[in-house]
Amino acid sequence: MRRFFRPIPLAISALTLLLVYTLAGFFLVPYMIKAKVLPAVSDQLRRPVTVKEVEFNPFVLSLKMTEFEIQEQDATPLIGFQEFFINFQTSSLFRRAYVFKEIRFSVPYVSVKVAKDGHLNLADLAPSQEPDGSSPPPKNADASTGLPAVEIGHFAIAQGIVEFRDVSKPRMVSVDVVPINLMLNNFHTKSGGDNTYAFSAELGKDEILDWNGTVSLEPIASDGTLSLSGVKIATLFQYVRDQFQFDIPEGSIRAVGKYRFAAGSGLELEVSDTLLHFTDIGIVEKGDPQPVMALQTLFLDGIHADLRKRKLEIERLTLNKAQHRLWRNHDGTLNIVALFMPVDHPSADVKPAATAGSPAVGSDPKWTVSLKEASITNHNIEFEDRSLNFPAKITVSNLSVKTHDVVFPFKGPIAVTVEHRLNETGSVAAEGQGLMQPLQA
């Protein structure tokens with residue numbers, strides 16, 4: 001019996017295996033990643049790929065990489081991070097899932113650039129075609145398309161950076177989103193996890209985006225709250241400003257609301273308890289620093305929208321303290337009409353839209369929009385008719401307009417109250433009802 005049970009040789013063998021496992025884990029794995037894996041990735045991407053340190057702990061199955069970077073061919077940074085940490089769990093063998101205790105990125109960054117010809121630099125990272133020019137063979141159609149079972153106890157992105165530059169526009173678009181923070185807890189690709197997340201980003205100084213809630217992949221669904229605070233309209237408008245005759249150099253947006261999204265048998269999106277506030281908006285004609293329209297506040301409160309029902313409901317719209325400069329040109333056109341016309345007009349051979357009352361077969365139902373209460377207060381309008389030999393000027397001040405229970409498409413009369421002063425010499429007040437179709441009051 002003793003020859004089959006020899007404690008000393010068994011202990012030596014166990015210690016030898018443990019030593020080999022330890023040395024392979026702590027030293028061989030990091031060496032193979034730095035000496036073999038990263039050069040292969042660099043050859044595949046045709047770009048320099050660098051890393052400062054690689055650490056692997058074979059006992060807790062954790063990997064840490066520091067100062068990783070994928071560079072452009074001119075050695076400028078493209079994608080990278082200061083630190084990456086991942087902790088795999090041996091319980092994956094019993095859970096029939098890839099289980100991670102923690103995945104963490106510290107100071108990840110990406111530089112997104114659109115060249116003058118519209119080429120996106122990140123597109124160069126896509127896998128290349130086969131040597132003969134053919135595409136890779138398609139995957140087996142019979143193979144399962146379901147997501148693998150993945151469980152992540154804690155996923156975090158800390159102090160992320162996105163630099164965006166688009167020089168394909170007449171005026172370069174530049175946006176820096178920093179910092180970006182994301183936390184995802186108890187995430188499962190299959191059902192069973194809490195899947196709670198919290199995301200925040202700063203689009204510019206004091207321009208904050210906050211987003212939190214829950215998310216799932218099977219089925220695809222999410223619900224939570226989204227808020228914007230202090231976001232400058234110019235930050236968002238700069239990407240489309242070259243398509244219009246006007247610019248919006250001033251103004252900020254505040255938005256807070258709840259949402260519910262699902263993509264099952266059909267796309268569902270519902271927004272509720274939402275407000276959208278615009279403040280200190282200035283709209284100018286390009287080349288003219290003086291605003292054509294200046295709005296101190298434009299508030300939309302109590303917004304509820306349902307994509308499936310195609311319904312938009314607004315509890316209250318308030319527009320307060322605005323200045324408007326309007327004039328009629330010598331050819332009879334109004335400046336405000338030309339100002340809001342797009343730069344690129346549609347070609348003349350565009351097919352006319354279907355007439356009202358005769359929607360195309362199979363088309364989606366029309367949207368209905370309801371506005372419970374609306375008010376315009378303290379508006380001033382300066383109008384000049386320049387088509388006359390002696391231009392006429394009209395000033396409307398202290399304009400106030402109120403209405404309620406407006407539904408579009410229009411179905412019934414709309415109650416309207418209007419008050420204003422005309423040329424600072426008299427007051428005008430009117431109260432009544434109006435119909436839009438047919439137009440009458």
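Start by selecting Glu55: this residue is partly exposed, with a relative accessible area of 42%. On the scale used here, buried means under 20% relative accessible area, exposed means over 50%, and partly exposed is what falls in between (1.4 Å probe, protein chains only).

Before you move on, keep in mind that this is a predicted model, where local features need pLDDT of at least 70 and side-chain atom pairs count only at pLDDT 80 or more, while totals for chains, interfaces and linings use all residues. Residues are numbered from 1 along each chain as its sequence is written, and side-chain values use heavy atoms, with hydrogens and water left out.

**Stop 1**

The term covers a side-chain nitrogen of Lys or Arg within 4 Å of a carboxyl oxygen of Asp or Glu. Lys64 counts as partly exposed, at 25% relative accessibility. As a general point, side chains of opposite charge can pair when their charged atoms come close.

**Stop 2: Glu67 and Lys52**

Select Glu67 and Lys52 next. Their side chains form a salt bridge with an N to O distance of 3.8 Å. Which parts of the chain does this pair link? They are distant ones: Glu67 sits in strand S3 (residues 62-71), and Lys52 in the loop between strand S1 (49-50) and strand S2 (53-57), 15 residues apart. Helices and strands here are DSSP runs, numbered from the N terminus; a helix is H or I with at least four residues, and a strand is E with at least two. Glu67 is partly exposed at 44% relative accessibility, and Lys52 is partly exposed at 46%.

**Stop 3**

Jump to Glu102 and Arg104, whose side chains meet in a salt bridge at 2.7 Å, N to O. Glu102 counts as partly exposed, at 22% relative accessibility, and so does Arg104, at 23%. Then pick out Arg260, Glu268, Glu270 and Arg308 together: salt bridges with shared partners join these four residues into one network. How many salt bridges turn up in the whole structure? A search finds 21.

**Stop 3: a nonpolar patch**

Switch to a surface view and select Leu15, Leu18, Leu19, Tyr21, Leu23, Phe26, Phe27, Phe59 and Val60. Together they form a nonpolar surface patch with about 900 Å² of accessible area. Patches are built from residues with over 30% relative accessible area and no salt bridge, joining like charges within 9 Å and nonpolar side chains (Val, Leu, Ile, Met, Phe, Trp, Tyr) within 5 Å. The areas come from the Shrake-Rupley method with a 1.4 Å probe, and for residues only the protein chains shown count as cover. Zoom in on Phe26, which belongs to helix H1 (residues 7-45). It is partly exposed, with a relative accessible area of 34%.

**Stop 5**

Hide the side chains and go to Glu218. The peptide bond from Glu218 to Pro219 is cis, with omega near 0 degrees. Pro219 lies in the loop between strand S10 (207-217) and strand S11 (220-232). For another cis bond, look at the one joining Phe408 and Pro409, where omega is about 0 degrees. Pro409 is in the loop between strand S17 (392-408) and strand S18 (414-422).

Next up is Asn186, in strand S8 (residues 173-188). Its phi is near 50 degrees, a positive value in a residue other than glycine. Is Asn186 buried or partly exposed? It is partly exposed, with a relative accessible area of 27%. Asp206 also has positive phi without being glycine, near 60 degrees. You'll find Asp206 in the loop between strand S9 (196-204) and S10, where it is exposed, with a relative accessible area of 53%.

**Stop 4: Gly287**

Select Gly287, in the loop between strand S13 (267-285) and strand S14 (293-306). At 84% relative accessibility, Gly287 is exposed.

**Zoom out**

Buried residues make up 28% of its 441 residues. The chain exposes about 28,200 Å², with carbon and sulfur atoms supplying 61% of that. Counting contacts (heavy atoms within 4.5 Å) between residues at least 6 apart in sequence, 51% join residues at least 24 apart.
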